[in-house]
Amino acid sequence: MERCDDMSTVNLLKDQLVEERKSFIVVKGRQKNQLKCEADSIAGCVSQRACVYCGARVVLNPVTDAIHLVHGPIGCASYTWDIRGSLSSGSELYRNSFSTDLKENDVIFGSEKKLARAIDELVEKYNAGLVFVYSTCVVGVIGDDLEAVCRAAAKKHGIEVIPVQSSGFIGNKSAGYRAACDALLRLIELPAGKLPGRTAGSGGRSVNYLGDFNLAGEAWIITNYLKSMGVDVNVVFTGDATHQSLKKAATASLNIMQCAGSMAYLARRMEELYGIPYLKVSFLGLEDTSASLRKIAAAFKDPEMMRRAEELIARETAGVRPVIEQYREKLRGKKAAIYVGGGFKAISLVKQFREIGIDVVMVGTQTGREEEYQTLHDIADDGTVILDDANPSELEKFMLEKGAHLLVGGVKERPLAYKLGVAFIDHNHDRKHPLSGFVGAINFAREVYSTVCSPVWKYTRGMGGVLHAQE
Amino acid sequence: MHRNEVNTRHCRNVNENPCNMCMPMGGILPFKGIEQSMVIIHGSQGCSTYMRRHIAEHFNEPVDVGSSSLNEKGTIYGGAGNLKQALDNIRKVYRPRLIGVLTSCLAETIGEDIDGIARDYLHERGLADFPLVTVSTPGYGGSHAEGYWLAVKRIVAKLARPTEKHAGINVIVPNLSPADIREIKRILELMRVKYTLVPDFSDTLDSPYTRTYKKIPEGGTRLADIEQMPGAAATIQLGVTVDESISPGHYLQNEFGVPLYNLPVPMGIENTDLLVNLLARLTGGKIPVILEQERGRLLDCMIDSHKYNARGRSVVFGEPELVYAVVKVCVENGVFPAVVATGSRSARLEELLKPVVAECPLEVRVVNEADFTRIRACCRDMGVNIAIGHSDGKYLTEKEGIPLVRTGFPIHDRVGGQRLLSVGYVGTTMFLDRITNTLLENKLKNYRSSMYQKFYRGVEENNQCSVGS
Ligand code: SF4
Ligand code: SF4
């Protein structure tokens, strides 16, 4: 075990790190768990966080047949053009990046007219029934009345035009999740006085699956599992969802929710509005996947469904377990650092690493919530560094200090890990291979193995090849 | 819309799939090419994170950029406090010798006076001499290309001071790959030129693996060298498309009387000749045999592949400076461009292209402020069969089956954008090979089936030789 006691932690915070960041970092077992989180990023701390718009776009982007119009200057749209791995079984419209491309004059004189014209043109050209209009920072400041423009456009074209209040400065990525959920709630709202026709057609066994963006077909994988248990997936929020499929959301009898960071609010509201209860699930790793399938079957109190769930789990596990065991042998004793977007993913990863024999020595998130950090603290080993809204210097510091062999993170973290000679796992919305379910568990183990045990590290650690300096 | 449906009507009030990025994004790059420097975006957190991500993906290097992380309060009451805190924290953690402050749309929209804030800050902290370089880069004010040049100009303007005349030559480069910058330096060294090259991110954004990690990578143009630029014998700027108002070379000429030679990026025979000849003239030195050999090899390559290249009808897109250079290579080799597009607004590019286009035997369509939906429509009209530009051109491959030769910035769906060598005689040779091989690959891929479909009409029934009937 590497040393990371109270004194050295404190010293290092003093010497190398920014004072205000101290309260965002704890070491399990050495300090009380009183980690600060859900706060604004500190100026100049090179936060890895993206913005409200980013959060909103992540959640809504997978709605395949919608026009996603970014109301703002070009950059915001440019950096988010088709960068996600969400798959569609139908329309490809969502893979376009539409922007009102505001220029100086628009900023000075207002851009409502331009927005209205933009919507007109897009609707005419692409013939869509649903438009999401994302507001960006500039729009938030110049005070365009997004609501009014969208309302007028909706009326004019007889379609739905939903504003997404995602100006970057009103908060961080979490505020964007919230803005996206608000937009979705508007979309699924029932006409006044109408109650959802529950059980019809589904025999009371249809669920909405919240918090899967169908990266590399993950939502399809889980839908297949559920189907084999006799559960119909009504609609996924929002992987491979469409305008019409979302409209039926209120008819499901249960919501299962994976990515709580982005979806908890939506799940709660749907319970209040439509009386749909929700279950927290996770399909990352063997353990979580099996437990979640059992939980869903149990929720329906149906012995036949439970039997089928057990059958599925037994069948899949039989295939997966031996493979995982093989990797486990090779990976035992390695140490991992985790830095991901949300708390749900971090928690699942800690467990998943255990499955393959790896100890987690550092874990952090961009936007984890208090209760998620509590869980992380509970399941972490003593000495684990837990941190919120970390920056490259902190990641560097703690990875080196704790002797991590591997970092899990997103695009920005990858080159840092590599420069430190540390293996890396991509766990972001850009990836092109599934990490969910049983197949995902194998992919994950294989990816970890391929990076941790790669021959390249022999050379970076000076154990292969040598250059003889000439006299 | 489904993959095969095509609607090429063009929206006038919408940018459909952007071909450019925003101004501060371009402004970050030059700061990465100055020794021990850091950069902060004054605005909300998201912009800087997006830009970092974009740059990091291209270079496969850590790209640390600060943000003043403006929140609602800062947006309403002014962001001076945030920016000062950001400066404090960046200085503490990175200990840079220079800091750049760029603005985002948000800061500009709320009317932040970054010069004033910077002045106050330096005064309050007793740092009168610290180089704090402010650059006003509203994202809506221009594309990343303009942001890049303006940042270079501001860096030079901040550091340059009147100095004694010396024999050195200033070399100012556009947004090239680190490999390209290294090649230009090699040519300068072969020509025995004493030079200051700005900005030099050939090491910082393509740094060798070493056992110890440095928060600010080694390398970059030395501050002391930039100070001496006004005394140089000449400035060579690879920036023929740059507007004078943001041109660092013009600044040095107007303020300090340094003669400016504005040249295109040395891609292609003619453009590279221009640079080498100028260097020979300025230094009075001979052109080394090795460069002559390299030129000869390029000619040899051009001959070897000219017939394959003759089948190419290209679309060239990206930053104006690079677009111009690539078009020259295309024309020299008979891969005549059919569509030339930039996401920026560049009147200069259009002017420059006129004589080049006139040389083309076929029609050329030049599109300023283009987006990819527009470019795609043009490609269909004009029968384009090869695309040359940055990664976003993959859209043309997916939608129209046009193969893409990746060059420029950003390249985020392949590795090695930072190692692509395309300048000088050697680089052009490699670049041309990439073009030719892409044409060949595409031709050979369909050769058997396309000839079969085109010409095979079957054999008469009764002529068929039947076995065993
Ligand atoms: S266009 Fe403006 S708001 Fe958008 S990313 Fe660029 S600087 Fe930020
Ligand atoms: S301007 Fe605002 S919305 Fe756009 S990228 Fe920046 S922080 Fe996000």
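Trainee: Which residue just after α14(A) takes a positive phi?

Mentor: Gly357(A) does, with a phi of about 80°. The model is predicted, so local features need pLDDT of at least 70, side-chain atom pairs count only at pLDDT 80 or more, and totals for chains, interfaces and linings use all residues. Residues are numbered from 1 along each chain as its sequence is written, chains are lettered from A and ligands numbered from 1 in written order, and side-chain values use heavy atoms, without hydrogens and water.

Trainee: How many residues of α14(A) are buried?

Mentor: 11 of its 13 residues are buried, meaning under 20% relative accessible area with a 1.4 Å probe, protein chains only. Among them are Phe344(A), Lys345(A), Phe353(A) and Glu355(A).

Trainee: Turning to chain B, where is the kink in α12(B) centred?

Mentor: The kink, of about 35°, is centred on Ile303(B). The bend is the angle between axes fitted to the seven residues ending there and the seven starting there.

Trainee: What do the buried residues of α12(B) pack against?

Mentor: They pack against α8, α11, α13 and α17 of chain B.

Trainee: How do the axes of α12(B) and α17(B) cross?

Mentor: They come within 9 Å and cross at roughly 15°. That makes α12(B) roughly parallel to α17(B), the term for angles under 35 degrees. Contact (heavy atoms within 4.5 Å) involves residues including Leu298(B) and Met302(B) of α12(B) and Leu432(B) and Leu439(B) of α17(B).

Definitions and conventions:
Helices (H or I, at least four residues) and strands (E, at least two) are DSSP runs, numbered from the N terminus. Buried means under 20% relative accessible area, exposed over 50%, partly exposed in between (1.4 Å probe, protein chains only). Axes are lines fitted to C-alpha atoms, for helices over the stretch in contact, and angles run from 0 to 180 degrees between N-to-C directions. Angles under 35 degrees count as roughly parallel, over 145 as roughly antiparallel, 65 to 115 as roughly perpendicular and the rest as oblique.
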